[in-house]
Amino acid sequence: MEILEKKLDAASFQKHVVNKISDESLMHLNDEDLLEIGIYEKGPRKLILTYIEQNQGESSMIENIPANFQNTNNSEETIRSILTKEPKFIKVLTRQLDNQVVPAIKNLRHMNRILTNHYFERRIIREQRYPSWQEKQELAERIIDEFPHLEKTRMSADAPRESFFFWRYGGNGKGSHAGLIETRVANMRKDVPSDERLFQRQKKVKIVLPDGIHEMAAKLAALTGNAQNGKLVSGGMEQCFLLHQYLLQEGGDNMVQEIMTTFPHLLGYDGVMIQQAYERLHTNYNAQANIEEFLSIGLLMDQGGWNNITDKYVRGALRIIKKLTSRGIKRSSNDEFMTMEEIMALPLIRWMKPDPEKTDLQVVQVANITMVDKDPHIICVAEQCNEGNLFIVFRGNTIACDRSSSRAIDV
């Protein structure tokens with residue numbers, strides 16, 4: 001744990017301490033467990049999962065398997081002998097499994113429930129010790145060894161023979177595991193009383209607003225959003241932060257608009273108030289991080305992409321997005337004159353031609369009213385792929401970001 005402590009930020013490691021995670025129990029964690037104990041940021045979760053992966057060797061696999069689960073080939077207790085003890089399953093066992101017939105799905109689930117209950121129920125319900133992925137895979141392999149014809153249940157032609165019962169990460173290399181055993185174990189974990197679970201989700205604390213905070217926010221909203229009032233607005237936003245959190249917690253379809261109405265200065269000051277609000281909401285935010293250096297690294301990726309875009313930070317951001325995303329972007333009828341690179345840039349940035357009879361802000365505001373999609377994105381008022389004034393638009397709102405592309409991307 002000392003090595004992991006050095007890699008993680010203090011807030012993420014503290015969640016391990018609060019949940020009493022030891023070196024042994026750490027090896028049993030998966031991505032869902034990390035989310036359950038409140039580690040939502042992808043960076044810390046990736047570090048933890050990589051650490052677990054590197055330290056889960058063959059020796060730890062054997063150590064993690066309980067005594068009644070080891071050396072099963074030399075034990076009198078077999079998969080078949082366990083199933084024989086269940087009277088309601090005898091017909092399926094003798095008439096189908098023994099005759100190399102693959103039972104119906106409900107009977108396969110019944111068999112899975114008998115076996116997972118036998119090996120894991122006591123540990124999960126009474127001891128709050130969850131089986132590792134190695135144990136679940138071991139059980140799945142033993143089922144197939146006992147009844148080889150159940151290989152026919154494999155999830156796909158190239159999937160492992162035991163994949164119907166357990167498939168690590170569903171064959172994707174990361175994410176949730178798949179299979180009947182994983183589903184049953186997850187359901188058993190839900191049966192553990194919430195206050196006795198090994199990994200407890202942090203309880204949501206209801207925010208109680210102090211007297212006068214609405215009046216304070218109203219006075220803040222009435223201030224003119226100019227440079228002279230910049231410090232007053234910033235300080236007022238910090239004082240009213242609890243109200244901001246309250247509105248986020250309440251949620252609802254009109255949450256975004258209600259926040260923008262209560263705190264209209266979020267739409268001003270080139271997005272600085274949004275950046276400050278983000279830092280207050282995410283206490284482990286690294287204020288020393290340099291987004292311009294990060295976006296510059298993106299320039300090294302796919303160096304043949306978006307070379308016609310003159311702004312290097314926009315170009316770097318698009319190359320990073322292309323590297324990270326696996327989503328396909330479909331052409332619509334309105335895109336027939338756009339290049340594929342222009343279409344792939346749409347989730348981040350779009351260009352609009354300047355209008356000599358309107359200001360750049362007016363050009364964007366008129367377009368923003370008629371936009372079908374509500375996802376935030378940047379609009380650059382300039383000829384296609386050139387540099388110009390930048391605006392962030394979302395749900396009818398507009399934030400002017402001057403010509404700083406790094407700031408616009410950060411906001």
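Biologist: Does Asp-145 count as buried, partly exposed or exposed?

Modeller: This is a predicted model whose residues are numbered from 1 along each chain as its sequence is written, where local features need pLDDT of at least 70, side-chain atom pairs count only at pLDDT 80 or more, and totals for chains, interfaces and linings use all residues. Side-chain values use heavy atoms, with hydrogens and water left out. A residue is buried under 20% relative accessible area, exposed over 50% and partly exposed in between, using a 1.4 Å probe and protein chains only. The relative accessibility of Asp-145 is 48%, so Asp-145 counts as partly exposed.

Biologist: With which residue does Asp-145 form a salt bridge?

Modeller: A salt bridge needs a side-chain nitrogen of Lys or Arg within 4 Å of a carboxyl oxygen of Asp or Glu. The closest N and O atoms are 2.3 Å apart in the salt bridge that Asp-145 forms with Arg-161.

Biologist: How many residues apart are Asp-145 and Arg-161?

Modeller: Helices (H or I, at least four residues) and strands (E, at least two) are DSSP runs, numbered from the N terminus. Asp-145 is in helix α10 while Arg-161 is in the loop between α10 and α11. The pair therefore links distant parts of the chain, and the separation is 16 residues.

Biologist: Does Arg-161 count as buried, partly exposed or exposed?

Modeller: The value to look at is the relative accessibility of Arg-161, which is 26%. With that value, Arg-161 counts as partly exposed.

Biologist: Which residues are linked with Asp-145 and Arg-161 in a network of salt bridges?

Modeller: The chain has seven salt bridges by the rule used here. The network that holds Asp-145 and Arg-161 also takes in Glu-151 and Arg-154.

Biologist: How many residues apart in sequence are the parts that Arg-123 and Glu-135 tie together?

Modeller: The side chains of Arg-123 and Glu-135 meet in a salt bridge, at 2.6 Å from N to O. Because Arg-123 lies in helix α9 (residues 105-125) and Glu-135 in helix α10 (residues 133-146), the parts tied together are separated in sequence by 12 residues.

Biologist: Which helix holds Glu-182, the partner of Lys-136?

Modeller: Lys-136 and Glu-182 meet through their side chains in a salt bridge, 2.7 Å from N to O. The pair ties together parts that are 46 residues apart in sequence, because Lys-136 lies in helix α10 and Glu-182 (residues 180-191 form its helix) lies in α11.

Biologist: How far apart in space are Leu-139 and Phe-166, C-alpha to C-alpha?

Modeller: Leu-139 is another residue of helix α10, and Leu-139 is buried, with a relative accessible area of 0%. Leu-139 and Phe-166 are 27 residues apart in sequence, and their C-alpha atoms are separated in space by 8.4 Å.

Biologist: Are helices α12 and α13 roughly parallel or antiparallel?

Modeller: Axes are lines fitted to C-alpha atoms, for helices over the stretch in contact, and angles run from 0 to 180 degrees between N-to-C directions. Angles under 35 degrees count as roughly parallel, over 145 as roughly antiparallel, 65 to 115 as roughly perpendicular and the rest as oblique. Helix α12 (residues 213-222) and helix α13 (residues 230-239) pack at about 160°, with their axes 10 Å apart. That angle makes α12, relative to α13, roughly antiparallel.

Biologist: Does Asn-229 count as buried or exposed?

Modeller: Asn-229 is found in the loop between α12 and α13. Not counting residues up to four places away in sequence, Asn-229 touches Leu-223, Thr-224 and Tyr-269. The relative accessibility of Asn-229 is 15%, so Asn-229 counts as buried.

Notes:
Contact means heavy atoms within 4.5 Å.
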